[in-house]
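Here are a few friendly notes to read alongside the model. Take the points in order and find each place in the viewer as you go.

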Amino acid sequence: MSIMEYNGAAIVAMIGKDCVAIAADKRLGVQSQTVSFNFKKIFQMNDKLFVGLPGLATDVQTVANKLKFNLNMYQLRENRQMKPRTFMHMVSNTLYTRRFGPYFVEPIVAGLDPLTNEPYIATMDLIGCPMETKDFVVGGTCTEQLYGMCESLWNPDMEPDDLFETISQSLLNAVDRDALSGWGAVVHIIEKDKVTTRDLKARMD
Amino acid sequence: MMQHNAMAFNSGSDLLPDWMSAEHSTGTTIMAVEFSEGVVIAADSRTTTGSYIANRVTDKLTRVTDNIYCCRSGSAADTQAITDIVSYHMNFHKMELDEDPEVRHAAKIFQDLCYNYREQLSAGIICAGWDKKAGGQVYSIPIGGMLMRQPVCIGGSGSTYLYGHIDATFKENMTKDECMQYCANAIALAIFRDGSSGGICRLACITKDGIERKTILHQDLPKFFEG
């Protein structure tokens, strides 16, 4: 089994009308054995910026801490919130510095611009090659299933409630076809004035 | 088309998702319990190719004869082929004897195949049923081809999570309903922890009156501590 599939994960982010959503499963496994149903894979970086980290669990936690540290230093020096696109470049750089001994994570960035509130999502591979899209990004052990679900369900300009339903159904039905992800799910909807976090009732198998 | 693509790339190639070359495996949790009037057999319903769930409603409780069933774990292709062959033999056997075949005869043929072809096969089978000479019987034929009769038997990748549970809670001479509930509890516990087991729980009770099947959907499975 590949190192990226050792712990199992499923993460998806989508763009809506003046909002973004990011969702992840909650399983932590050791190959086929499930060890925890409460493993955090999405981390809040600032008020309207989230990063989701699928991949090897130890690197998920290390990279999340590193990114938060660097983001805090930036925000203290610049005295302003970091833009999502800038954050994406910072993540990319952090991963590329380890080009020949990489962190085994493929991050997903989701957020709103701190000033204009323009929605932004991006993903990258484990050595930092970025990909920005206008619709959705997926990551983890069931990306094929997630692509299929997102491609069928996503429409442009969805309101936050609609976006919540769409991203939830995309995630739940994709992880139900993957033996290494699932066991619970969490969804964050990021709008210009608030962030709503909801736990989904999912199949625990 | 899938065959062509799988041959064009090396298996394990980064260009090909692993489920296009991986073998179908019934990851699985299976179990069988003897009681006074017969046996209760149970299984989950997940078949995986690599980590992709190829079938989420598989029936792993397969008929050998009307009164003998088997629970299959390991390679889906191997266990289906073996069960077909045993069923074929038992058909002839029934005609020769002019009565329903005994469970231990079916189990012996399972053992024969699993032992003699052990290098080529990956099959863990539980053969269980009822006959009028010995009542309810459960025979375990794990990988390698051993044969052993047991009052309770568990198998498949999910069974590792059940050994302690069975040791601590099993008692002989349960009633039919107690056995059904016991099996449902055990399968639910394994489904919860094992990534290769999941879906629904299929139960069946084999007595002198034949087979009685029951299906428990995921949301109706017993719930335990979810810490």
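1. A definition to begin with: two strands pair if DSSP finds at least two bridges between them. Strands themselves are DSSP runs of E of at least two residues, and helices are runs of H or I of at least four, all numbered from the N terminus.

2. Some ground rules. This is a predicted model, in which local features need pLDDT of at least 70 and side-chain atom pairs count only at pLDDT 80 or more, while totals for chains, interfaces and linings use all residues. Residues are numbered from 1 along each chain as its sequence is written, chains are lettered from A and ligands numbered from 1 in the order in which they are written, and side-chain values use heavy atoms, with hydrogens and water left out.

3. Look at β7(A) and β8(A). They form a hairpin with six residues between them, and in the turn A:N117 has a positive phi of about 60°. Strand β7 covers residues 108-112 of chain A and pairs with β8(A) in the antiparallel sense over five bridges. Opposite A:I108 you will find A:T123 of β8(A).

4. Now turn to the other neighbour, β9(A), residues 130-133. It runs antiparallel to β8(A), joined by four bridges. Here A:T123 has A:M131 as its bridge partner. This hairpin has five residues between β8(A) and β9(A), and A:G128 in the turn has a positive phi of about 95°.

5. Is β8(A) buried or exposed? Six of the six residues of this strand (119-124) are buried, so it is largely enclosed by the rest of the structure. Buried means under 20% relative accessible area, calculated with a 1.4 Å probe on protein chains only. Both faces are covered, with A:P119, A:I121 and A:T123 on one side and A:Y120, A:A122 and A:M124 on the other.

6. Next, the place where the chains meet. The contact (heavy atoms within 4.5 Å) takes 18 residues from chain A and 25 from chain B. Between them the chains bury about 1800 Å², 47% of it on carbon and sulfur atoms. Buried area is the accessible area (1.4 Å probe) that two parts lose on being put together, summed over both.

7. Finally, the salt bridge: a side-chain nitrogen of Lys or Arg within 4 Å of a carboxyl oxygen of Asp or Glu. The count between chain B and chain A is one. The side chains of B:R46 and A:D205 form it, at 3.3 Å from N to O. On the side of chain B that touches chain A, β5 (52-55) and α5 (176-193) each supply at least two residues, and β5(B) gives the most, with four.

Notes
Buried < 20%, exposed > 50% of the residue type's maximum accessible area, 1.4 Å probe, protein only.
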